[in-house]
Every structure is written in C-alpha cells, then in structure tokens.
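This briefing is for a reader who is new to the structure shown below. The points are grouped by topic and can be followed alongside the sequence.

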Amino acid sequence: MKSFLLAAAGLALALVSPAAAEPVYVSAQRALDVETGRYIADPVIAIEDGRIVSVEAGGTIPAGAERIDLPGMTVLPGLIDMHVHLDGRPEYGGYSNLQFSDRFWTVIAVENARRMLNAGFTTVRNLGADDYNVVGLDQAIEQGWVEGPRIVGAAHALGATGGHCDSTFLPPSYADRSPGAADGVDALRAAVREQRKYGAEVIKACATGGVFSRNTLPGQQQLREEELRAIAEEAHFWGLRAAAHAHGAEGIKAAIRAGFDTIEHASFIDDEGIELALQRGAALSMDIFNTEYTLSQGEANGVLEENLAKERMVSAAQRDGFRRANAAGVKMVFGSDAGVMPHEDGGGQFAVMVRFGMTPLQAIQAATVNAAEALGQAGDVGAIVPGAWGDLIAVDGDPLADVGELADVDAVIKGGVRVK
C-alpha cells in the first residue's frame, strides 16, 4: 500500500510540477502578424517554459532540438472566445436539463473545454456557470489533470431578482434562486466580492432581459444605472474587468455609462449607444452566429416557443447593429455564446462576421489582439510575439483570403505542446 501511495504521489507531482522543458521550435510556411495583417515567411517560433522567446523569418532550428513542423501551413495565434458557457450544452434546452444530477454539468464542462481547445480556442472567457463548476475546471486544467483552454471565468452571473440572470423557470414552491441574484447597490457590491472570493476573474451582470429565460424581455432594462455602476466600480476596485449582458438600447447605454468594459450581445444598440461605446472605449461582443442553430435545432432540443420567439425578434436587429457598430469603428471582440450552440462549432462565426461587414483580418483581430486587450492580457495571449504564451493554431489555406479556414483548424499548440 505504501509503494502504491508513493507512486500515486509521484504521478500527481509529475502532473502539477513539470520539469523545465528545453525549447520547442515551431516551423511553418508562414505566420500571420495579426496586428499588421502581414505574413512572416518561413517562420521559426521558439517556445520555452510555455512562452514564446523568439520569432524569426527564415530562422534555423538547432540540431537535435524538439520541433513541431507544420509544412505548407499558416500559423496564427491561438483564438480567444470572449463569451462561452462551458457547463452547458444546447441539446438540453428548456426543462430537459432537469433530468440530470447537478454534477453532470461539471463533467460536461470537461468535454466542452477539450472540444473548444481542439477547435483552436486556446483562451476563453466563461460568462456564467452554476455551482462554481468552471472555477474547478480551470483549476484542473492549470494543474494538468484535463486538457482545455486558458479560462477567465465569471463564476455566477449577477442580476436582479426575477431578471435574466436569476432562475426563472420554476414555481415558487421550489424556492429556486440564482446565487448571483441581488438587488440594490450594497447587495450587488457584496455579490461582486463573493464571486471574486470563490474564484471569479471577471464579473458579469445582466443589465437587460434575455432570450433564454422566462418572464423577461430582451430589450427591458433590469438593473438601474446606479446598480450597474456599483458592480463595475467594485469589479475594478478588485482589479477585475466587468462584462454586461445587454440586449436593449437603454440597458446598453446605462452599462457603458456605468463603466463596463464589454457589452455582450448588444442586439438593439442604437446610434447613441454606438457613439458612447466609441467615446468610452467599451468593446462589443456580439454572438451573430448562433441564430441559425437555435432556430433550426431549438425545438428538437426542448427550447420553449417563448424563447424561440425572442430569438427570432433579436437576430435580425443584432446583425444590423453589428454591421453599423463595426463600420463606425467600435472595438469588436469575438464572442460565440457557446453553450447556446455547440462549443466545437464556434469557428463558424468568422465567416458570418465577414458576411456582416468585417474584413477577414478584422474578424481574426476580434478573436486575437482585440480580445486580449479586452481581457487585460495584451502581450500574454492573442499574438505571436516574444513573451506571449506559446499558443498557436495552424490551417492549410490562407485565412485572409478565406476566413472559413478557421472553422476547422488543422493543428493546435498550447504553451508549446501540440494538442491537435
């Protein structure tokens, strides 16, 4: 028994405390500088202890060095999805999710994380999860027990009692309430502190109603501006960024004035809201891809007609707002709302972003340098530069000519380790 315990301890130590590795050299036909849109020919990217130490065009690889050769491929930074829900699946809509144990969703999150990593998303921002599921998943990934992207998680999303971020599907006899539901400035400040206490690295709040809740209208503001300001100020006081779920025009503007860093969905954004976003530097994360999935598969997945009707109401307005905001020069970041749609399919959004007004480079920047800046992690993720994590993806074709290449990436490297 003693020898078994020693062996198990040795395995755990190997998982959580890997020895410093020798440099890994990645070669390819070209690498995309996502800041400038220019290609680096025949790059050699050296990665040591998980981070990039050099990027050389036409560089050489020392004899005998560990290498990852990607001949004929285009290398880009690992992608960043700014709005995901790892502990959910779209196949379980409406009331169908009640058939499972609470811990079922923790296990689902592990597989969803693996699928997102294999789809090329090496960093994700998880904007709301139950029971601190994704905080635990993040810790397990960091400790080397499971494979997944780097996670910036919000723990529970905050919102008004009876609002979109509360539990709205069950009758009063169940006394079901989201742990993130709170009312008033003081209660919401305390809620920010509680989420941070238990592992939140970003704070999410629901400024308006939403599509996938009951008894809420997407356009209806549900937190007062002073409540939103308290949340944003408290998050910033603790060194955290703040993200506002906001579909309606008034809720969007209130959240921007309150100091939120990113606005999620932004479906009914008006010209005043676009101007405010430009003035205040707020980024928009608009999930314009998942509509077709929801409307084609939602009924079969158990989504209620009430929710499908709201999706039909929101989708066209959101895509028009996306086009107008991008044309105006608002900072746009990539957010798929994976969980509403399959996590492994998020790369399909790039082509839709181009269809609604972006250039391929703009769409790629939304999921790399723009997202990294909005996370507060510029220089760590979202670029192939010395000092950044060695997170790379590779595709066979030219993503600047056909951004659809990113819907099915051919290779994924995280921290200098090839995972696909």
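Lys253 and Glu272 form a salt bridge through their side chains, with 3.0 Å from N to O. Lys253 belongs to helix α6 (residues 249-258) and Glu272 to helix α7 (residues 271-280), so the pair ties together parts that are 19 residues apart in sequence. Lys253 is buried, at a relative accessible area of 4%, whereas Glu272 is partly exposed, at 46%. The model is a predicted one.

**Other salt bridges**

- The count of salt bridges comes to 25.
- Arg125 and Glu264 are joined by a salt bridge between their side chains, at 2.8 Å from N to O. Because Arg125 lies in strand β7 and Glu264 in strand β11 (residues 262-265), this pair ties together parts that are 139 residues apart in sequence. Arg125 and Glu264 are both buried.
- Arg150 and Asp391 also meet in a salt bridge, with an N to O distance of 2.8 Å. Arg150 is in strand β8 and Asp391 in the loop between α12 (369-375) and β14 (392-395), so parts 241 residues apart in sequence are tied together. Both Arg150 and Asp391 are buried.
- A network of salt bridges links Arg89, Glu91, Glu111, Arg114, Arg115 and Glu344.
- In general, side chains of opposite charge can pair when their charged atoms come close.

**A buried charge without a salt bridge**

- Asp81 sits in strand β6 (residues 79-84).
- Asp81 is buried but has no salt bridge, and the nearest side chain of opposite charge, that of Arg125, is 7.8 Å away. A salt bridge needs a side-chain nitrogen of Lys or Arg within 4 Å of a carboxyl oxygen, so Arg125 does not count as a salt-bridge partner of Asp81.
- What does the side chain of Asp81 make a polar contact with? The partner is the side chain of Ser336, at 2.5 Å.
- Leaving aside neighbours within four places in sequence, the residues in contact with Asp81 include Met116, Phe121, Thr123, Val124, Phe334 and Gly335. Arg125 and Ser336 are also among these contacts.

**The disulfide**

- The structure has one disulfide, and it joins Cys165 to Cys206 with an S to S distance of 1.8 Å.
- Cys165 lies in the loop between β8 (150-153) and α4 (185-197), and Cys206 in strand β9 (residues 202-206), so the pair ties together parts that are 41 residues apart in sequence.
- Cys165 and Cys206 are both buried.

**Thr122 in strand β7**

- Thr122 lies in strand β7 and is buried, with a relative accessible area of 1%.
- Not counting residues up to four places away in sequence, Thr122 touches Gly78, Leu79, Leu117, Pro149, Arg150, Asp391, Val412 and Ile413.
- Arg150 and Asp391, both touched by Thr122, are the two residues of a salt bridge described above.

- Helix α3 (residues 133-142) has Asn133, Val134, Val135, Leu137, Asp138 and Ile141 as its buried residues.
- Among the elements that cover these buried residues are α2 (104-118), β7 (121-126), β8 and β15 (411-414).

**Annotated region**

- An unreviewed UniProt entry lists residues 74-418 as "domain: Amidohydrolase-related".
- Over residues 74-418 the chain is 36% helix and 14% strand. The end C-alpha atoms of this stretch are 15 Å apart.

Key: Residues are numbered from 1 along each chain as its sequence is written. This is a predicted model: local features need pLDDT of at least 70, side-chain atom pairs count only at pLDDT 80 or more; totals for chains, interfaces and linings use all residues. Side-chain values use heavy atoms; hydrogens and water are left out. A disulfide is a pair of cysteine sulfur atoms within 2.5 Å. Helices (H or I, at least four residues) and strands (E, at least two) are DSSP runs, numbered from the N terminus. Buried means under 20% relative accessible area, exposed over 50%, partly exposed in between (1.4 Å probe, protein chains only). Lys and Arg count as positive and Asp and Glu as negative; His and the chain ends are not counted. A polar contact is a pair of N or O atoms within 3.5 Å; within protein, one must be able to donate a hydrogen and the other to accept it, and residues adjacent in sequence count only if both atoms are side-chain atoms. Contact means heavy atoms within 4.5 Å. UniProt positions are given in the numbering used here, feature names are shortened, and annotations may be inferred rather than shown by experiment.
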